[in-house]
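Please consult the sequence and the structure shown here while reading this report.

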Amino acid sequence: MCGIVAAITNGLDARASVLHGLKTLEYRGYDSAGMAVHTGDSKLAVRRKMGKIANLEAELASNALPESDQVIAHTRWATHGAPADRNAHPHTDDGGEIVVVHNGIIENYLDLRAELVADGHVFLSDTDTEVLANLIARHMRNGNGGIDLHTAVRTALTEVHGAYALVAMCATEPGTLVVARQDSPLIVGVGDAAHYAASDMPALLHLTRDFVALENGESAILHADKMQLCSASGDWIERETTLCDWTPEQAEKGGYPHFMLKEIEEQPDVLARTAFDRFHDTEGDVVFEDTFTLTDADLRALRRIRFMAMGTSSHSAMIGRWLLAEFAELPGETLNASEFLYSPILPENDTLTVIVSQSGETADSLRAMRELQKRGGRILGICNVQGSTLAREADDLILTHCGPEVGVASTKAFFGQVTALYLLAIRVGRARGVLSTERGLELLHDLRTLRPKLDSLFAPEAMAAVRQAAAFLATVPSCLFLGRGLQHPIALEGALKLKEISYIHAEGYPAGEMKHGPIALIDEHFPVVVLATPDRTYEKMISNIEEVRARSGKVIAVGVAGDQQVQNAADYFLPVPEVPPYLAPLVNVIPLQQLSYEVALALGRDIDQPRNLAKSVTVE
Ligand code: AGP
């Protein structure tokens, strides 16, 4: 939530490249945007605008900032203070000497603000960030000229409770940016005679692929030609850069009208990238990289597995729990990470916790991870972002290879997570002796042959069927998604996709639950989306369809192409290829993603940046 980009170069004007990076980060928040530059004559200049980055661009076109080799910028997801020009970042102190961009929440900002007001400071915004700028300025002034920006930032941060990633710049200290983080993400990009900072790697891929991730409590001084990294305890430390394997093109739309559509269509490649290189084609097993250190003995010793995640990732976690039970005979549970902290559950020594997160920066999931680690629990992270907090702090890691996901609605990341969970189930099943080599080989074969089967989901006939259903769905205020067994998480995911990008109310239910309440909603105007592909729940799903029809409800059914029974019973039929039932989630989710996309398109919604949302939820 909130995106930060900053650059310091050796004389090169950095305004355009910072703005480019900021646009790449717009998925992190779009309530307002702003930019500040050091003008080189001991002055700062700031432009800020409510709304999307396009508004800031228009402002910069009519009221340009001076060229500068020291630029910071921000795109905001509002927490403290409504979206408004005056609450947009960057924020300066009341003397205009310090300027700050910040992502996070300063929890004690009201107390700090009262203290600063008593000291004579004047505030112009409702934000917690303006408090930070004034706090830093106060320390610099109190230092009688002896305190530099970095020391002032570090001192100010000792008074602050909460989460932050920040970049600060000082009018009287040219050639320096100071960055710091606690519980909000911040990475430093190392360029050719330049240093950069950002909330996420995609913002800097057009400038560098060499990164250093800051750990909690760390800060750094950035100059064009060097970076000085400071530990939480104040020692200067060295850290090697990590090379990011994402390309700048992956973070661009590449001719698609929306990132979401591009990302939906990338899913067959995600299957290949996440799975195929990990197959052990003679052993019927999976080989993970050395970030996965769980040995066969560790896996055999497990008695339970716990999955924790938020949002879409929690739907893949539900599938993971099912797969581990099915293929590794390892019972488990799925918990909402934000609820975990309030639950009385304690980790047992023989329990593994799997945290699933696209970004690796979701505050609820990270908090749950750290709490469990404190209690001695072992964490396996499943994550798409190399170098993210989850990727660094989890005890073991499986990276999904989806490439950067930019659309706020998660699509290919879900696909990558479920793929990784199949691999995990096979690995654990083989280690525990539940799966034979032959069965392992069959499962790998099923995954490998899935890829060409996915093509039919993007064929013109399939898309026409989705568009027809979408044209109807776009006219309703509310609908249900029903699935049983492995299809229940897909029903939840379909409903989440629809509500988040079309703003149509949608609920996902286990289909068996329909008769226990939701059936009261059904009349001739009410649509029910059902997942009715062949598995052990098929007959019961057919009964559910009939129950909806008996009450004149409208049925949109996902079924196997050629299944006349489902097709004849449905008002709208979304055909999918036949696959082994355990792989159906990977197939059935795609028409539901397409359906949401087409509904949102028909309604003229802001598909990649739906209202009120941000891609990476870095506050609890
Ligand atoms: C889904 O479309 C959303 N973007 C959201 O539910 C997301 O999955 C959730 O915030 C978790 O994010 P993470 O995977 O980055 O942890």
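## Domain organisation

This is a predicted model. Its protein chain is divided into domain 1 (3-249), domain 2 (259-454) and domain 3 (459-603). Between the C-alpha centres of domain 1 and domain 3 there is a separation of 45 Å.

The ligand lies between domain 2 (259-454) and domain 3 (459-603), because both domains give residues to the shell around it.

The ligand takes up the space of the largest pocket. Two elements give two or more residues each to the shell around the ligand, namely helix H9 (311-328) and helix H16 (488-502).

There are 15 residues around the ligand, and those that come nearest are Ser-313, Ser-357, Ser-359, Thr-362 and Glu-500. Sorted by class, the shell around the ligand consists of eight polar, five nonpolar and two charged residues.

For Ser-313, a polar side-chain atom lies 2.5 Å from an oxygen atom of the ligand. For Ser-410, a polar backbone atom is 2.8 Å from an oxygen atom of the ligand. For Thr-312, a backbone N or O atom is placed 3.1 Å from an oxygen atom of the ligand. On its own, the ligand has 410 Å² of accessible area, and the protein covers 91% of this.

## Backbone geometry

Most peptide bonds are trans, and most residues other than glycine have a negative phi.

Pro-90 belongs to the loop between strand S4 (70-76) and strand S5 (91-92).

How values were computed. Residues are numbered from 1 along each chain as its sequence is written. This is a predicted model: local features need pLDDT of at least 70, side-chain atom pairs count only at pLDDT 80 or more; totals for chains, interfaces and linings use all residues. Side-chain values use heavy atoms; hydrogens and water are left out. A residue is near a molecule or strand if one of its heavy atoms lies within 4 Å of it. A polar contact is a pair of N or O atoms within 3.5 Å; within protein, one must be able to donate a hydrogen and the other to accept it, and residues adjacent in sequence count only if both atoms are side-chain atoms. Accessible areas come from the Shrake-Rupley method with a 1.4 Å probe; for residues, only the protein chains shown count as cover. On a 1 Å grid over the protein atoms alone, a cavity is a set of points where a 1.4 Å probe fits but cannot get out, and a pocket is an open set with protein on both sides within 12 Å along at least five of seven lines; lining residues have an atom within 4 Å of a point. A molecule sits in a cavity or pocket if more than half of its atoms lie within 2 Å of its grid points. Helices (H or I, at least four residues) and strands (E, at least two) are DSSP runs, numbered from the N terminus. Ala, Val, Leu, Ile, Met, Phe, Trp, Tyr, Cys and Pro count as nonpolar, Asp, Glu, Lys and Arg as charged, and the others, Gly among them, as polar. Domain bounds come from an automatic or database domain assignment.
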